[in-house]
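Colleague: I am new to this structure. Please show me how to read its features, one at a time.

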Amino acid sequence: SQVAAARYGKDNVRVYKVHRDESTGIQTVVEMTVRVLLEGDIETSYTKADNSVVVATDSMKNTIYILAKQVPVTPPELFGSIVGTHFIEKYKHIHAAHVDIITHRWARLTIDGKPHPHSFFRDSQETRNVQVDVTEGVGIDIKSSISGLTVLKSTNSQFWGFVRDEYTTLKETWDRIFSTDVEASWKWKRFNGLDAVKAVIPKFDEAWTAARDITLKTFAEDNSASVQNTMYKMADQILAAAPLVESVEYSLPNKHYFEVDLSWHKGLKNTGKDAEVYAPQTNPNGLIKCTVCRA
Ligand SMILES: O=c1[nH]c(=O)c2nn[nH]c2[nH]1
């Protein structure tokens, strides 16, 4: 046997960092969960019990905390690029570093109509994430994403004209509920190194804001013909808004809400235009995926 592929590191490294503005007393917090996996000339640690090539995962965890102290932890695209670049520069036998960062939300509390200087709440399980792959002699590939942004619209979602055959029972609808947990990601054009990432730092927050705003606005305003068509419209607009982005990917579960026919109870009307009470379905769910690139 031989090692076909190998990468190792520390997962679920939880990092919190506070910025204290002494002049205003306003504090700002960031919380994230970091994974770093390394690749390189490490096969002998698997095949020969040669630990001389192993940077201990504990040391990798220490490194994440030290770098979080020394450099900005936002935008996550920058911090991930710094962390990954550190490992391939520090250890000559390490040739690639894969850094995944999940950023959790701490929304500033508004108390008596005013933003509170140092109090926050978890307003959503939505996260902002990056996958940063730093490869020696190649560059830095970054995929940014939004996860766990759960939305629902109570009308202006349709689905009709689909294949009807001996397997079809689904009725066509011109007015249905559409709910999904948004998973949207955008892949940046390859950066040739850390300096190239540092040259465009503002673009990362701008792209995240654009992707989130476009997703929510299109979700709300599009009279959706299908999940497929609506997600394509979202991706198309994100590509137009972010020239440094190479492609956009959506993965949207279609979280079904079924009408409940109550006509058996004294003729109670609760279907079609009379439907008000629905049964939210845990499973099964539709799952619609696409990757959209520039033509
Ligand atoms: O938007 C939808 N797309 C689909 O492919 C599908 N299939 N069943 N319901 C559906 N809704």
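**Reading helices and pockets**

Modeller: Start with helix H2. What covers its buried residues includes strand S1 (8-20), strand S2 (27-40) and helix H3 (76-90). Helices (H or I, at least four residues) and strands (E, at least two) are DSSP runs, numbered from the N terminus. Contact means heavy atoms within 4.5 Å. This is a predicted model: local features need pLDDT of at least 70, side-chain atom pairs count only at pLDDT 80 or more, and totals for chains, interfaces and linings use all residues. Residues are numbered from 1 along each chain as its sequence is written, and side-chain values use heavy atoms, with hydrogens and water left out.

Colleague: Which residues of H2 are buried?

Modeller: Buried means under 20% relative accessible area, exposed over 50%, and partly exposed in between (1.4 Å probe, protein chains only). In H2 the buried ones are Met 60, Thr 63, Ile 64, Leu 67 and Ala 68. Seen down the axis of H2, they fall within an arc of 130 degrees, so they line one face of the helix. The arc is that of the directions from the helix axis to the C-beta atoms. Lys 69 and Gln 70 are exposed, on the face turned away from the buried side of H2.

Colleague: Why do residues a few places apart point the same way?

Modeller: An α-helix has 3.6 residues a turn, so residues three or four places apart point the same way.

Colleague: What span should H2 have?

Modeller: The expected span of a helix is 1.5 Å times one less than its number of residues. H2 has 14 residues (57-70) and should span 20 Å; its end C-alpha atoms are 20 Å apart, which agrees.

Colleague: How far does H5 reach?

Modeller: H5 has 21 residues and reaches 31 Å from its first C-alpha to its last, close to the 30 Å expected. Its buried residues include Phe 204, Trp 208, Arg 212 and Phe 219. The buried residues of H5 fall within an arc of 165 degrees seen down its axis, so they line one face. Pro 202 and Glu 221 are exposed on the face turned away from that side.

Colleague: How is empty space found?

Modeller: Rolling a probe the size of a water molecule over the atoms shows where empty space is left. On a 1 Å grid over the protein atoms alone, a pocket is an open set of points where a 1.4 Å probe fits, with protein on both sides within 12 Å along at least five of seven lines; lining residues have an atom within 4 Å of a point. A volume is the space filled by probe spheres set on the points, which are joined across faces, edges and corners.

Colleague: What is the volume of the largest pocket, and how many residues line it?

Modeller: About 830 Å³ of space lies in the largest pocket. It is lined by 29 residues, with Leu 170, Lys 171, Thr 173, Arg 176 and Tyr 257 nearest its centre. S10 gives the most to this lining, with three residues.

Colleague: And the second largest pocket?

Modeller: The second largest pocket has a volume of about 440 Å³. Its lining has 22 residues; Thr 103, His 104, Arg 105, Arg 128 and Trp 208 lie nearest the centre. S2 supplies the largest share, five residues.
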